[in-house]
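Please report on the model shown here. Cover its sheet, its core, its loops and the surroundings of its ligand.

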Amino acid sequence: MAIDAGADAVMDLSTGGDLDKVRREILKACAVPLGTVPIYQAAIEAISETGALVKMTTEKIFEVIERQAQDGVDFMTLHCGVTQNTLQRLKHQGRVTDIVSRGGVFLTTWMIANNRENPLYEDYDRLLAIAKKYDITLSLGDGLRPGSLADATDRAQIGELVLLGELAQRAWEQDVQAMIEGPGHLPLDQVEYNVLLEKRLCRGAPFYVLGPVVTDIAPGYDHITSAIGGAWAAAAGADFLCYVTPGEHLRLPKVEDVREGVIVTRIAAHAADIVKGVKGAVEWDHKMAQARKDLNWEEQIRLSVNPELARKMREESSPRISDVCTMCGEYCALKLVKKALHPEK
Ligand code: SF4
């Protein structure tokens, strides 16, 4: 459904079932880049093999990363910036929603229980060697992203971002591609400067924003709260938008949620592409405007971001033979103005 709805990439975030089989089946069916979060599988296998997440070994983490890389995964979210140091900063900061990243919490639990440093940070060179060997793009995860407006742009978030910038640079020095994951929950007036901070602190590294969700009060509509933030972020320079579904904060998304989430995220990205001057973006809008002026319904449907929905609405409410729609009916402004301004046509 994600690919059908126009997603440029998909991620396998499975935490149940036969994880190797699921990933390999997705890879077989997937025509776009596939991302994963290997710490999920490492933690789940550790729990099933030893009975406890905290008994996960460093070897298990790297073995899973390599296993997924061998399968042909294209990019991996790795929470290398969750360190003892950044966790101290988080504790001193005092947050409302502490940590909302699943991978970030797995690592935090393990690090506190074992009083150890994050292996993804401590053995970062080992990670880079695997990424280089299998041509994996690192998506440096924001384990400490704000999970509420109250925690937006705090010292914990920015402290992690500084570290991710340093790690991206180390990746590039080894010819490994890296992008930076970003918030999260941000009020509208913090979206643009979060993008500018990331571009500055991470030397222009691609910014992969998870929303951002611009208000916390709209469960059921978080595809919209995130599309508002995504459009703003992308217009300010963010490079890659992670979709959010209407089910966010409430449930695992259903298939229809996936379609809705992808489409509204594509709308957000397109709105930003227009103001960035991306080739072909505004031309799409201009073609739609002409089709509207011409009352060319087939062309309007063809040009729609969701042609199926546009056709359904058109056919439900307007007689097929009518050249206008039910909004203004016989008083159709476009039709009347054509007669008034261009009687010869
Ligand atoms: S009837 Fe009104 S809404 Fe419909 S096409 Fe004409 S002007 Fe547009």
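Where is the place of D175? D175 sits in the loop between α8 and β5. Helices (H or I, at least four residues) and strands (E, at least two) are DSSP runs, numbered from the N terminus. The model is predicted: local features need pLDDT of at least 70, side-chain atom pairs count only at pLDDT 80 or more, and totals for chains, interfaces and linings use all residues. Residues are numbered from 1 along each chain as its sequence is written.

**Loops**

D175 is not a glycine, yet its phi is positive, about 60 degrees. D175 is exposed, because 10 other C-beta atoms lie within 10 Å. The cut-offs are these: a residue is buried with 20 or more other C-beta atoms within 10 Å of its own, exposed with 12 or fewer, and partly exposed in between, with C-beta atoms placed from the backbone. D135 also has a positive phi. D135 counts as exposed because it has 12 C-beta neighbours inside 10 Å.

| Residue | Phi | Loop |
|---|---|---|
| D175 | about 60 degrees | between α8 and β5 |

Two cis peptide bonds follow. One joins P183 and G184, with omega about 25 degrees. G184 lies in the loop between β5 (178-182) and α9 (188-201). The other runs from G211 to P212, with omega near -10 degrees. P212 belongs to the loop between β6 (207-209) and α10.

**Sheet**

Seven strands form an open, parallel sheet in the order β1-β2-β3-β4-β5-β6-β7. β1 (10-12) and β7 stand at the edges; each has a single partner strand, so one side of each lacks a neighbour in the sheet. Strands pair if DSSP finds at least two bridges between them. β2 (residues 34-36) and β3 (residues 75-78) pair in the parallel sense over two bridges. T36 is opposite M76 in β3.

**Core**

The largest nonpolar core holds 75 residues. Such a core is a set of buried Ala, Val, Leu, Ile, Met, Phe, Trp, Tyr and Cys residues joined through C-beta atoms within 7 Å. L138, L140, A168 and I180 touch the most other members. Helix α8 (residues 155-173) gives this core its largest share, seven residues. Contact means C-beta atoms, placed from the backbone, within 7 Å. Leaving aside neighbours within four places in sequence, L138 contacts M76, L78, A131, A171, V176 and A178.

**Helix α11**

Helix α11 (residues 255-276) has 22 residues. From first C-alpha to last, α11 reaches 31 Å, close to the 32 Å expected at 1.5 Å a residue. The expected span is 1.5 Å times one less than the number of residues. Buried residues of α11 include D257, R259, E260 and R266. The buried residues of α11 pack against α10 (222-236) and β7 (240-241). G277 follows α11, with a positive phi near 75 degrees.

Which residues surround the ligand? They are V324, C325, M327, C328, C332, A333 and L334. A residue is near a molecule if its C-beta atom, placed from the backbone, lies within 6 Å of it. The shell has seven nonpolar, no polar and no charged residues. Ala, Val, Leu, Ile, Met, Phe, Trp, Tyr, Cys and Pro count as nonpolar, Asp, Glu, Lys and Arg as charged, and the others, Gly among them, as polar.

T326 is in the loop between α14 (307-317) and α15 (333-341). T326 counts as exposed because it has 11 C-beta neighbours inside 10 Å. Leaving aside neighbours within four places in sequence, T326 contacts S317 and S318. T326 and R314 are twelve residues apart in sequence and 9.0 Å apart in space, C-alpha to C-alpha.

Methods:
Contact = placed C-beta atoms within 7 Å.
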